[in-house]
Each structure stands twice: as C-alpha cells, then as structure tokens.
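Here's a quick briefing on a protein model, with the cut-offs spelled out as we go. Have a look at the fold before reading on.

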Amino acid sequence: MVLITYFLMNDNHASDAWAFAGILQRQAYALGLNRDPSIVKPDATPFEMQERRKVWQAVFIQDTFLSVIIKLPPTVTHADVRVEDLVETEDASSVHGASDTSFIRSMWSLASVVQGAICTPRSLDRPICPNDSERTRLTSHLQRIYKSLPLPYRTFSENALFNLARRSCRLARQTLFLTSNYYHCLMLIYGEEHESIACDVKATLGAAHEAVSSFFLFHTIFDGEAGVWFHFQHRAFSEANQDRDSE
C-alpha cells in the first residue's frame, strides 16, 4: 500500500494518492505499527520489531511530505515509536555512515520537524513563521539536522554523486531524495510573505535552485528513472518563479 501511494504521487495523481494513503494510515494504526513494538509485541523477535519500526516510518515519512505538497493536514501524528530504537545492521552498501537505517533516521528527523512546523500551519492557511526571529529559529533547526547527517548525504555535487552511484546507486538516490525534500522545505519557509514578514527572495531562489538541481542530477545519473520526480520538482520550480515574479 505504501508503494501504491508512491506510484499515484509520482504519476501525478496526488488526490488519489491522498485518498489511498488514508486507508493505508488507518490500517497502520489498526495493526499497531504506531506503537513501540517492545511494548505491544514484547514476544516478537528483534527482526520483527525492526521491520515494524521501518514500516511505520515509511508511512510517517510518506504522509508528511505528501502533506507538504498538497497542503492538507498530516494524519500520522500519534505514535511512540522512537527513531533511536532503529538498530543499525551490517550493510555491504554502507558508505561513511550512510546506510538504509541512517537514511530512515535522517528522513525521520527531518519529517518530525516538518510535520508540525510546516504541514500543520499550511493546512490551516496559517503562517509558517509569525516573524523573522521564528524564521531564523526554524531554518537554523533544519540546518542543524542537515549538518548532523552522514557525510554522503551532505556532499551534494555532481562529482560526489557520480562517485557515490558507482559504489551504491541506492545511496545516491537516497541522497538526492533527502536533499530535494530538505531544500524544498527551506524554500517554503524563506518564500513566505505576510504582513509581519517579507519574502527572502535570494534565499528562496537559492533553496529552490538546490531542490530543482536534484532533479537534473537525478536525470544525469539515472536518466530513465528521473520521470518519477517530475511532479515534486515542477512544483518547487513553479513556486520559486511565483515568489520571484511577485517580488
């Protein structure tokens, strides 16, 4: 169901994805995936507990960034699963601390802030930041999260990504996906404008440029797969142009 929702999103059927994701989220709650497995499934094996945490995080991360795109309320909001409990397993494709587990932790950390700070106010047509000091605080928080990520996820250049793809295409895709989401969220924060805060045009366009660059890098490195990112990157590009034109 998680994969079907992603298919609908990437096929530019966001409203269908939203409806189907609602069923997915209800099922996840009904299965107790939002609960700490060490509490609700104490007899489960360590592997089973790990898989339950991973599935829940897939649902949580998907819901958060779908909410960012379509400006509707996030619904995966009640859980006691902790990111710290995800166990790092041996991974032959791990590069300088970047692995599937570290990617989940990274996206989890980012989504935890984005859900409350961006998704919720946007879904209610409220400002993301009421004033400049709050904008500075929020962007600094996101930047600290980004700087805490394993080095490969922060080495965002064409040469670095080509080298990473030679070692692990999976990690290269993860880097592009994480970077795109991070800069897209920064763009939304910097681009906000209301009576108490002005649009930071330079920062907005800078963040949008980095977000859109991830699409072109994806196209350069993976070519045929890049089409699945069209909707997200087109939205970032359109919003950046709208902010620039309004200025």
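The protein has 11 helices and zero strands, where helices (H or I, at least four residues) and strands (E, at least two) are DSSP runs numbered from the N terminus. This is a predicted model, so to speak of local features takes pLDDT of at least 70, and side-chain atom pairs count only at pLDDT 80 or more, while totals for chains, interfaces and linings use all residues. Residues are numbered from 1 along each chain as its sequence is written, and side-chain values use heavy atoms, leaving out hydrogens and water.

**Overall picture**

- Reading from the N terminus, the elements go α-α-α-α-α-α-α-α-α-α-α.
- Of the 247 residues in the protein, 50% are buried (under 20% relative accessible area; exposed is over 50%, partly exposed in between, with a 1.4 Å probe and protein chains only).
- Among contacts (heavy atoms within 4.5 Å) with a separation of 6 or more, 69% link residues 24 or more positions apart.
- The accessible surface is about 12,400 Å², and carbon and sulfur atoms hold 55% of it; areas come from the Shrake-Rupley method with a 1.4 Å probe, and for residues only the protein chains shown count as cover.

**Nonpolar cores**

- The largest nonpolar core has 59 residues, and Phe65, Val114 and Ile118 have the most contacts inside it; such a core is a set of buried Ala, Val, Leu, Ile, Met, Phe, Trp, Tyr and Cys residues joined through side-chain atoms within 4.5 Å.
- At least two residues of this core come from each of helix 2 (14-30), helix 4 (46-70), helix 5, helix 6, helix 8 (158-167), helix 9 (169-191) and helix 10 (201-222).
- Helix 9 supplies the largest share of this core, with 12 residues.
- Another core lies apart from it, with five residues that include Leu8, Met9, Ala17 and Ala21.
- Leaving aside neighbours within four places in sequence, Val114 touches Thr64, Phe65, Val68, Cys119 and Cys185.

**Cysteines**

- There are zero disulfides in the structure, going by pairs of cysteine sulfur atoms within 2.5 Å.
- Cys185 is in no disulfide, and the nearest cysteine sulfur, that of Cys119, sits 7.2 Å away.
- Cys185 counts as buried because its relative accessibility is 1%.
- Cys199 is buried too, at a relative accessible area of 11%.

**Arg126**

- Arg126 is in the loop between helix 5 (100-123) and helix 6 (132-147).
- With a relative accessible area of 54%, Arg126 is exposed.
- Beyond its neighbours within four places in sequence, Arg126 is in contact with Pro121 and Glu192.
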